[in-house]
Amino acid sequence: MSFTIQQPPLSPFSIPFTSSSINSYYRTHNNHQPIKALQQNAPPPVLTTTTTSSPKPLSKTKPLSPQQWVETLRAQTRSNLFHEAISTYITMILSGTLPDNFAFPAVLKAVAGVYDLNLGKQIHAQVVKLGHEASNLSVVNTLVNFYGKCGDIQDVFKVFDRITDRDQVSWNTVIAALCRAQEWEVAIEAFRLMLAENVEPSSFTLVSVALACSNLGRTDGLPLGKQIHACALKMGDLRTYTVNSLMAMYAKLGKVDNLIGLFEFFEDRDLVTWNTLISSLSQSDMFAEALSFLRRMVLRVKPDGVTIASVLPACSHLEMLGLGKEIHAYSLKNEILVDNSFVGSALVDMYCNCRVVEYGRNVFNGIMDRKLGLWNAMITGYAQNEHDEEALMLFFEMQEIAGLFPNGTTMSSVVPSCTRSKTFSKKESMHGFVVKLGLDTDRYVQNALMDMYARLGKVEISKSIFDSMKVRDIVSWNTIITGYVVSGSHDDALLLLHKMQKQVHFKPNSITLMTVLPGCASLAALAKGNEIHAYAIKNKLSSDIGVGSALVDMYAKSGCLNLSKRVFDQMPSKNVITWNVMIMAYGMHGKGKEALEFFKQMVNEVKPTAVTFIAVFVACSHSGLVDEGMNFFNRMKDDYGVEPNPDHYACVVDLLGRAGQVTEAFKLIKKMPANFDKVGVWSSLLGACRIHQNVDIGEIAANNLFKLEPNVASHYVLLANIYSSSGLWNKAVGIRKKMNNLGVKKEPGCSWIEYGDKVHKFLAGDNSHVDSHKLRDYLETLWEKLKKEGYVPDTSCVLQNVDEEEKETLLCGHSEKLAIAFGLLNTPPGTTIRVAKNLRVCNDCHTASKFISKVVDREIILRDVRRFHHFKNGICSCGDYW
């Protein structure tokens, strides 16, 4: 069948090509210096080789004829016995037999097979000397192939440009060489020139050009790829390997629908066809579809190791452990797993993703020939399941016993384990090891290092790594944003999000939103949260469970419980995290009974976790539901299968202590298992003693905390407050002196409010804000109005031993009052004021906020470190129980 395409055969490409010389085109666009031309008239050099085989001794029997030498060469080359073929060639030369146009292609294929560029150049010199380069097309085509396989693309061009009568093989060989060198655009241009010279492409041409298209990206590659597909149809070329290459092209370009359509249209499918489809579906996160085609495949073609390794990720992502075990059994039955490290790695990954790490370790132990990929899979499995000590031990064993060097995958997996491990203290030394290995510019390792430094409280180093990255991916952006959120730098996190949105190649994804929304929640940045919600809806991310749960949490922590409930109701599916967030939200807003109603609904859909009961106890604590909370505590193990842990005890101590049952809370601590961490319970008890001014038990709680956490300021401050509120000034002064001697500093009170596109922060007694003087003048005026309404400053909240007038002045400078005043001055009448604070609101600010809400007729929503207070018409939603 003839094949002719009028110029231009393909859509115009984005790069110019004005010469018929590929060599000149390549040099122009790649700035490569041409290699010195081969000397046409140079004498043939002495033949030397780096092959391990020695030349065969000359036979003492009847010498071989030239035809016999050639047949021997060809037979060895066809059998991939490349070293033997080279040895035969050298022996032939030493016997006095000159190579001909049949011997040269055979030996050049052998030399290409062992990638011996120097030896090949010597043989090329012999080709030239004996006159075959100018006279024999088969030999010259083989030379082009040899230079292409050895990666010498400049000599590929030199030899190719000297061919006067190029045939189909010549063009196929040079296009394949360009693809091997990943010069995709030049390969496409070579294909154009081939058509311009009226040389008909073959299946091999289409396979190479389809590969080039697949690597050009969707914008350029897809239109060209479709034209290659059309060429194949017009040529009537529906050979299996051509169709397989087109399927692989569509898969890489992300056109799964085209891939499936081509697969269904084509009937002569082989194992590669099925594997291409299944692996592509799996890599495109179409896991259910991948498993569906596997079921069809087993009825027609027997799966191999590639099939198994391609389909196991579907089992792990869908958490179909049962099916994964069946595939494992199939692998064992058909001996696919025997010393197959690739399949073994996929099985280890599947078991670890399904959280049965011990099964993954059994697979690992059962494979004797462990390649680096298998070690990486097991280390990654341990790390992902936070079996950090096991991950580190295996990491060291891989190097010391197996003698393998870590690669980027290894280090990006082990660095998180190193970060979390309590036994591995020299965490930053891992960065030095990365540098020593030369992996410090590996993007995945850099992402892991950024996360490590952020979690070590050194986010500035994370930022320096981020800034130094030559290539960033979506994970890089998400990691640095997470780093700022983890370190509490929520403003910086939101600024980075804004910068990220301006990027051309990367847009925030569901992980980004789940990362940054807690920052909005922490800052009570409702406007920014609304903007992110709109982005999620526009980009079809709002239906994601993780994003939905983060939105529920953000609205709740911004004081918009009604919006939080609306997002919750609109979510198409909910998991245990979503329910936990909702229960905690209602609990923090003082709606304990509603929170317990959510719990009742939840247990009908998902199984509660340890976090669920923390949310339940918090809800009961803030609403004074002591009996209900104790009932859940006593039944959680038997009825719900959740063992009480130290956090649960801390919540219940808070529940009892907040209700004034300080002695009962103290008794509960004494009943705790001896091995439990008691920092949480003593902290809750000390807080309760501060509320109810219980000096004796407060001293016991504080002294225990001083032993457990001697450098935590809040423990000293609470005890000093207990002493001060009880009039024990000398003891209070003594505690403050102790803090000074130890170098322990109190965290200053800080409140913040969102206005416009900025979050404004205020510190207690701070005059650094640009509107500080205006705010103080406003508060003095407001103060007089409040007093006329019956407000009396609670000077017991001032813990310094100063006169009453100075105490009132100090109270007026509390951070939440400054933030509220800023909101009143800068927002229209009737607007709700939303303020967040890093500490517990004091009694005076709580009372003052109630009066302010009445005097100015505004709703004020104040979130302190414990809960929400909704002030309206002189009343607080907490009912003065907090």
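**Strands, cores and salt bridges**

Trainee: What makes β3 and β4 a pair of strands?

Mentor: Strand β3 (residues 833-837) and strand β4 (residues 860-863) run parallel and are joined by 4 bridges. Two strands pair if DSSP finds at least two bridges between them, so these strands qualify. Strands here are DSSP E runs of at least two residues, and helices are H or I runs of at least four, both numbered from the N terminus. Within this pair, R834 stands opposite I861, and I833 stands opposite I860.

Trainee: And what should I keep in mind about the model?

Mentor: It is a predicted model, in which local features need pLDDT of at least 70 and side-chain atom pairs count only at pLDDT 80 or more, while totals for chains, interfaces and linings use all residues. Residues are numbered from 1 along each chain as its sequence is written, and side-chain values use heavy atoms, leaving out hydrogens and water.

Trainee: How do you know whether β3 and β5 are enclosed or open?

Mentor: Count the buried residues (buried means under 20% relative accessible area, exposed over 50%, partly exposed in between, with a 1.4 Å probe and protein chains only). In β3, 4 of the 5 residues are buried, so the strand is largely enclosed by the rest of the structure. Strand β5 (residues 868-872) also has 4 of its 5 residues buried, so β5 is largely enclosed too. Among the helices, α8 (residues 153-161) has 8 of its 9 residues buried, so the rest of the structure largely encloses α8 as well.

Trainee: What makes a group of residues a nonpolar core?

Mentor: A core is a set of buried Ala, Val, Leu, Ile, Met, Phe, Trp, Tyr and Cys residues joined through side-chain atoms within 4.5 Å. The largest one here has 240 residues, and I175, M430 and L685 have the most contacts inside it. Helix α10 (residues 184-196) gives the most to this core, with 9 residues. A second, separate core of 29 residues includes C845, A848, I860 and F871.

Trainee: Why is the link between R162 and E133 called a salt bridge?

Mentor: The term needs a side-chain nitrogen of Lys or Arg within 4 Å of a carboxyl oxygen of Asp or Glu. For R162 and E133, the closest N and O atoms are 3.3 Å apart, so the pair meets that cut-off. R162 lies in the loop between α8 and α9, and E133 in helix α6 (residues 132-135), 29 residues apart. At 34% relative accessible area R162 is partly exposed, whereas E133, at 13%, is buried.

Trainee: How many salt bridges are there in the structure?

Mentor: There are 28. One of them joins E428 to K458, with the closest N and O atoms 2.4 Å apart. E428 is partly exposed at 35%, and K458 is partly exposed at 28%. Another joins D473 and R443 at 2.9 Å, N to O. D473 is buried at 11%, while R443 is partly exposed at 25%. Salt bridges that share partners also join K121, D152, D155 and K158 into one network.
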